[in-house]
Amino acid sequence: MTGLADSRIDLPGLDVLPVQLHTLDKALAAYLESDEALPLSFPIAGLLNLMATQVNPLAVNGPHLSPFARLSYAEKAQAFELIEKTDADLVALLDVQFPEPLKESVSGLLKFVGGALIEFATFGAYGESAVYDKVSRTLRKRPVGWAATGYQPHGPVEGWDDFIGYYQGRQEVHD
C-alpha cells in the first residue's frame, strides 16, 4: 500500500482494508529494506493479490485472507490476463524502483510469471510425479493427465534404441 500510494492505481482507504494488510505492508517494507534473499512466493502472491483487487475491488474483504482466493474462476482468469498484459501503470511504477540493470525488465518478468504460474500448475497436475514410485521406477496407477487427455501408452516408442549413446554409432560431431 505504501509503495503504491503515489501511483494512479486506485486503492481503497486504509480504514476499509482488513488489519492483516497493514501487517503485510510492514512485512513487505521490511523485506525490501533487507539485504536478504526474497523468496519468489512472496512477491508473486502480492502480485496476484494486487491484480485481484484490480479485477474486483470487493475482494479485499471476505472469508479468505487472500484477495486472489476470493475471486471466481472467471475473475482469476482476468487477473492472469492483467499480469500477462503488464498493466502500464504498475510496470512504470515498478520499473523506476529497481536498480540497474533491472530497470525496464519488469514487464518481461511479469509476462513470464503470469504464463509460468499457469504452466507450472498444469505440468504438476498433468505429470506423472504424483503416481510415480521411485523405488520400483513404475507408475502406481494411471496418471490423471493421461485420463484427461485420453493418452494410451503402447510400450516403448520405436527408435529409442537408436538414441542410446550416439545416434547411428557416431562418436563425435563434425562441422
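Buried means under 20% relative accessible area. By that cut-off, Phe68 is buried. Phe80 is buried too. Both belong to a predicted model.

**The core**

The largest nonpolar core holds 14 residues. Among those with the most contacts inside it are Leu47, Leu48, Met51 and Phe68. Leu71, Ala79 and Ile83 are also in that group. Three helices each supply at least two residues of this core: H2 (41-55), H3 (73-85) and H5 (106-126). Helix H2 gives the most, with six residues. In soluble globular proteins, nonpolar side chains tend to be buried together.

Which residues does Leu48 touch, leaving aside its neighbours within four places in sequence? Leu48 is in contact with Phe68, Phe80, Ile83 and Leu117.

**The aromatic pairs**

The structure holds two aromatic pairs. Here they are side by side.

| Pair | Centre to centre | Angle between planes | Arrangement |
|---|---|---|---|
| Phe68 and Phe80 | 5.8 Å | 90° | edge-to-face |
| Trp146 and Tyr151 | 4.9 Å | 70° | edge-to-face |

The pair of Phe68 and Phe80 links distant parts of the chain. Phe68 sits in the loop between H2 and H3, while Phe80 is in helix H3. They are 12 residues apart.

Why is the pair of Trp146 and Tyr151 edge-to-face? Its planes stand at 70°, and planes over 60 degrees apart count as edge-to-face.

Are Trp146 and Tyr151 buried or partly exposed? Trp146 has a relative accessible area of 16%, so it is buried. Tyr151 has 42% relative accessibility, so it counts as partly exposed.

Terms used
Residues numbered from 1 in each chain as written. Predicted model: local features only at pLDDT ≥ 70, side-chain atom pairs only at ≥ 80, totals over all residues. Heavy atoms only, no water. Core = buried A, V, L, I, M, F, W, Y, C linked by side-chain atoms within 4.5 Å. Buried < 20%, exposed > 50% of the residue type's maximum accessible area, 1.4 Å probe, protein only. Helix = DSSP H or I, 4+ residues; strand = E, 2+ residues; numbered from the N terminus. Contact = heavy atoms within 4.5 Å. Phe/Tyr/Trp six-rings, centres within 6.5 Å; stacked < 30°, edge-to-face > 60°.
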